[in-house]
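Here's a quick walk through a few spots worth a look. Have the sequence and the model open side by side.

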Amino acid sequence: MTSRLERITEQRLDSLNKIRARGIDPYPHSYHLSHTIREVIALFEQQGDSSQDVSLAGRVMSRRSIGKMSFLDIRDSSGKIQLSLRYDLLGKEKYKFLQDIDIGDILGAKGKLFRTKSGELTLEVSDFAMLSKSLRPLPEKWHGLADVEKRYRQRYLDLISNEENRNIFVLRSKTITAIRHFLDKLGFMEVETPVLQPHAGGALARPFVTHHHTLDEDLYLRIALELHLKRLVVGGFDKVYEMGRVFRNEGISVEHNPEFTLLECYEAYSDYDDMMTLVEGIFVHVAEEVLGSTKLVCRGQTIDLGLPWQRLYLREAVKNSCGIDFEDYPDAASLRARMAELGMDVEPTKGKGRLIEELISTYVEPKLIQPTFLLDYPVEMSPLAKRKRGDDQLVERFEGFVNSMEVANAFTELNDPIEQRERFGQQLKERVGDEDVELADEDFLQALEYGMPPTGGLGMGIDRLVMLLTGQQSIREVILFPQLKTKE
């Protein structure tokens with residue numbers, strides 16, 4: 001017994017054969033467009049002139065017939081418009097061709113614009129052409145594909161079916177463009193660094209490993225952009241940035257995808273105070289460019305990305321939220337025991353830095369709704385950051401949070417090559433067997449030995465920024481092709 005999908009596909013294959021039997025190529029090489037649909041709508045609004053012939057193209061989204069007149073709605077990437085097709089204008093053979101047009105087909109159409117009695121802008125078609133025959137039907141309710149997993153696995157159907165979701169990715173593109181314009185205007189230079197690296201450095205994360213057959217050596221997909229960008233600062237580029245994919249072999253959650261887009265930028269002769277100013281500037285500029293306002297609504301609460309962001313010291317924030325002053329506990333064992341008293345179940349192998357991260361994520365982050373910088377982290381949590389002036393137990397590092405989500409991470413960068421080498425060594429001792437460890441990169445350490453100026457560095461997750469701007473609760477909603485387990 002054939003399924004409904006099989007029957008529809010057979011019918012469409014039959015229509016395809018009929019089209020070819022007429023000597024028509026249902027998949028032509030090209031089609032000349034005079035305008036996009038948005039452009040033609042704007043043209044009519046400005047001029048109100050229906051004498052000009054225009055040619056459009058788009059996917060058929062609906063159709064209806066009244067006697068010897070048919071109406072099709074087509075949509076391109078810019079918008080939707082109605083087509084009017086009349087028997088007396090097209091002729092018998094051309095009008096008969098409509099029998100073999102299905103929803104989902106891509107058509108080109110030429111004609112003049114007019115408004116119907118109901119006021120709808122319409123193209124009166126004098127000629128049309130099949131540009132691509134669709135052999136599979138669109139989802140039943142093309143205006144709202146509801147199967148979430150299907151939307152992720154077959155994103156093309158999601159984009160065809162859900163205009164709201166399509167607009168998320170338009171906004172994502174505008175966000176990336178706005179960031180580039182902002183940084184370029186400040187004199188930053190965009191660069192590209194290797195994705196395949198001999199050492200996975202610049203962050204604490206488990207990497208993906210691959211093998212290069214010609215070199216006969218294992219390489220890592222980068223987990224951060226930091227170490228190569230700092231090499232460029234050593235080389236004399238004082239302001240550099242990169243926006244690119246990074247890869248971390250970690251769990252998947254509403255805020256985590258194994259590959260994600262990261263912005264990192266480095267500015268010579270700056271520190272983490274300058275990076276706070278930069279973060280505030282980026283967020284304000286992007287929000288105004290893509291939303292027209294620094295205010296947005298998340299989970300029913302209005303958030304203002306405007307200046308200034310709240311500043312909290314990490315030690316005080318943790319102490320005020322759960323009563324633990326982590327400086328009162330000299331080692332991981334004593335801190336773990338105190339956390340157990342609060343009912344926290346923590347892994348016995350975690351060091352003190354990882355335990356403090358647990359305290360932050362459990363007690364502090366949920367309260368950080370409005371834009372906030374958490375300042376000054378323990379030195380064991382940040383091997384690449386410079387010690388805080390006046391307190392050698394802390395480093396000059398901040399993380400930025402909005403809507404209980406980390407959106408930025410920045411340091412006054414450590415540029416002392418001797419201390420950097422010691423930090424890497426100390427971390428390896430403290431995290432024996434831990435896959436999330438900063439691997440020493442000898443070439444990077446050598447670069448520091450040539451001298452890196454005082455530098456401020458910033459990392460920002462683009463996906464989380466887009467989540468915030470679009471009000472999405474899952475990172476999968478803002479990544480076109482999120483990672484999913486392969487189906488058999």
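In the hairpin of E16 and E17, which residue takes a positive phi? This is a predicted model, and in it the answer is Gly 390, with phi near 95°. That hairpin has two residues between its strands.

| Partner of E17 | Sense | Bridges | Residues standing opposite |
|---|---|---|---|
| E15 (residues 372-378) | antiparallel | six | Leu 374 and Glu 399 |
| E16 (residues 387-388) | antiparallel | two | Arg 387 and Val 395 |
| E18 (residues 405-412) | antiparallel | six | Val 402 and Met 405 |

E17 and E18 also form a hairpin, again with two residues between the strands. In that turn, Asn 403 has a positive phi of about 55°.

Now hop over to Asp 441, in the loop between helix H13 (417-430) and helix H14 (442-449). Asp 441 counts as buried because its relative accessible area is 5%, under the 20% cut-off. Its side chain makes a polar contact with the side chain of Arg 231, at 3.0 Å. Beyond its neighbours within four places in sequence, Asp 441 touches His 199, Leu 227, Arg 231 and Phe 424.

Last stop: the second largest pocket, at about 540 Å³. Its lining counts 20 residues, with Arg 136, Pro 137, Leu 138, Pro 139 and Leu 157 nearest the centre. By type, the lining splits into 10 nonpolar, three polar and seven charged residues. H1 gives the largest share, four residues, while helix H6 (155-161) supplies at least two.

How values were computed:
Residues numbered from 1 in each chain as written. Predicted model: local features only at pLDDT ≥ 70, side-chain atom pairs only at ≥ 80, totals over all residues. Heavy atoms only, no water. Buried < 20%, exposed > 50% of the residue type's maximum accessible area, 1.4 Å probe, protein only. Polar contact = N/O pair within 3.5 Å; in protein donor to acceptor, adjacent residues only side chain to side chain. Contact = heavy atoms within 4.5 Å. 1 Å grid on protein atoms, 1.4 Å probe; cavity = no way out; pocket = protein on both sides within 12 Å on 5 of 7 lines; lining within 4 Å. Points joined across faces, edges and corners; volume = space filled by probe spheres on them. Nonpolar A, V, L, I, M, F, W, Y, C, P; charged D, E, K, R; others polar. Pairing = 2+ DSSP bridges.
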